Amino acid sequence: MSINHYKEAATRATQWHANYREEMMKCRFDTIAVHGIYSMQEALDFNQGSTIEPIYMSASQAYRDSDEMEAALGYEIPTWCYSRIANPTMYYMEGVMAMLEGYGSGIETSCIATSSGMAAIQSAIDQFLVVDTKRPSAPMNFVATTQVYGGTYQQFSMRKDAERAVEWRKVVNSNDLSEWESLIDENTRFLYGELPSNPGLAFFDLKEVSDLAHKYGIPMIVDATVASPALMRPIEYGADIVIQSVTKSMSSGGSSIAGAIISRKNITSTIDNPAMKADFATYLKLLPNRDNGPNISPMNAFMALNDIRTLRMRMDVMSRNTQKVAEYLETNKHIEKVAYLGLKSHPLHELASKYMVLVDSEYDELYGKKVNRYGHLMSFNVKGGAQSARNVFDAFSRIWRATDLGRIKSVATIPAISTHSQQGEEGRKMANIPQNLIRLCVGAEHPDDIIKDLDQALAILDGKKVFVTSPEYSAGGASSATLRKGKSGNN
Ligand SMILES: *Cc1c(COP(=O)(O)O)cnc(C)c1O
């Protein structure tokens, strides 16, 4: 076969897949989440009819002949070559993520999956932290909110600012547009914000900040992990690039770590690299990430895919449960403060209401109109300081003590001693994370049971004793213990 033969076949296939995606984009969010880009035709022709996306646990792809290999390695035909670059299971995950982030916007998007949310952040921002041919010796900087995930804070402050002299210009009050603008100069490479932020629930007017970025010719990057595309899709409001820690809301099952970068076509940037700007995520996938290697494994891509199917319903239920729990906590005498964007008492409630809407709620027969949903992340401050917070935390029995977020099971952590311990007292002060703050992510249990657990844990501050006992062995070990006694059922 000739290279041309393969190229022509590739053109036909690319067109077929583009048409299929276009048809899928006419469907509602849930339909896209459930089916993604995996069609019955593809199942029958290539995957023995497998009704769900197969896991391609293969490091590389074989070719029919040298012509096909040459065309593939030259990126002239759709290929996955080698799983560091691409892989069919990754491709299915990337396809659905791109469609969900672009949903309802009419904007064309693409996606690259990564091994973790942190890898997504690093590979996204590194594209802008390169030599600027127009100003090769100018020191670079970026402007980003201080209220970010603890790992992001470390990546920005240690790996970029301290180790590589890439200045992180910190936005302390992200809701103040003039503060953002005052930090931008001709060496600013991008604006970055986490929305809503973990755990502080900072929120800013995304449309205004995106417009500001574009006024200076630079991209707006948004970490929208906490909201997920079921509640907010930043690209619709002008963001160029979206980061997802797929580990969290996207896949509540909690079995694996995964990340993703979703970009619009033709992003704004001062860097002179037309291919990068035209299709950021695809460029990143085929070139820089090929060379750097922060790819996702097919197994983890598959785990994420399976969870993504139920994203909207989960985010709805978990948001409603969190609302109920937050309202309960507001009435408890041991609580100094409850922070949840769904509470009217939250200073950013109104702003968040502009952006956080349950996708397709107007087509849901339960609602019939657009309804706000504020996600699963909340926090509360316990009266009496650090020790009181620890005592309450230690008394949880249904809520899991874990540095985790967006789970189908309720989880809580004390950020000052866990996720945000490394940034130190000063950094925490700037990000507004005191010692008595408990971060709680409410899951899909019945909210009454979570309230009951909180109630008994808070009662410890009244001097009530909570007895937390543990069996000495797991139930799974019981039978072997019986056997060791030598008295099995035979006697
Ligand atoms: C957890 C988290 C990350 C990092 O994601 P990993 O998948 O753990 O690497 C980034 N941003 C936010 C908001 C997070 O909660």
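A polar contact is a pair of N or O atoms within 3.5 Å; within protein, one must be able to donate a hydrogen and the other to accept it, and residues adjacent in sequence count only if both atoms are side-chain atoms. This is a predicted model, in which local features need pLDDT of at least 70, side-chain atom pairs count only at pLDDT 80 or more, and totals for chains, interfaces and linings use all residues. Residues are numbered from 1 along each chain as its sequence is written, and side-chain values use heavy atoms, with hydrogens and water left out.

**Ligand site**

The ligand is surrounded by 14 residues (a heavy atom within 4 Å), and Gly117, Asp223, Ser245, Thr247 and Lys248 are the closest. This shell comprises 5 nonpolar, 6 polar and 3 charged residues, with Gly counted as polar.

| Residue | Residue atom | Ligand atom | Distance |
|---|---|---|---|
| Gly117 | polar backbone atom | oxygen | 2.8 Å |
| Met118 | backbone N or O | oxygen | 2.9 Å |
| Asp223 | side-chain N or O | nitrogen | 2.6 Å |

The protein buries 94% of the 380 Å² that the ligand exposes when taken alone (Shrake-Rupley method, 1.4 Å probe).

**Open sheet**

Five strands (DSSP runs of E, at least two residues) form an open sheet of mixed pairing (at least two bridges between strands), in the order β8-β9-β12-β11-β10. Because β8 (335–339) and β10 (400–401) each have a single partner strand, one side of each lacks a neighbour in the sheet. Strand β10 runs parallel to β11 (residues 411–413), joined by 2 bridges, and Trp400 stands opposite Val411 in β11.

Note on methods. Helices (H or I, at least four residues) and strands (E, at least two) are DSSP runs, numbered from the N terminus.
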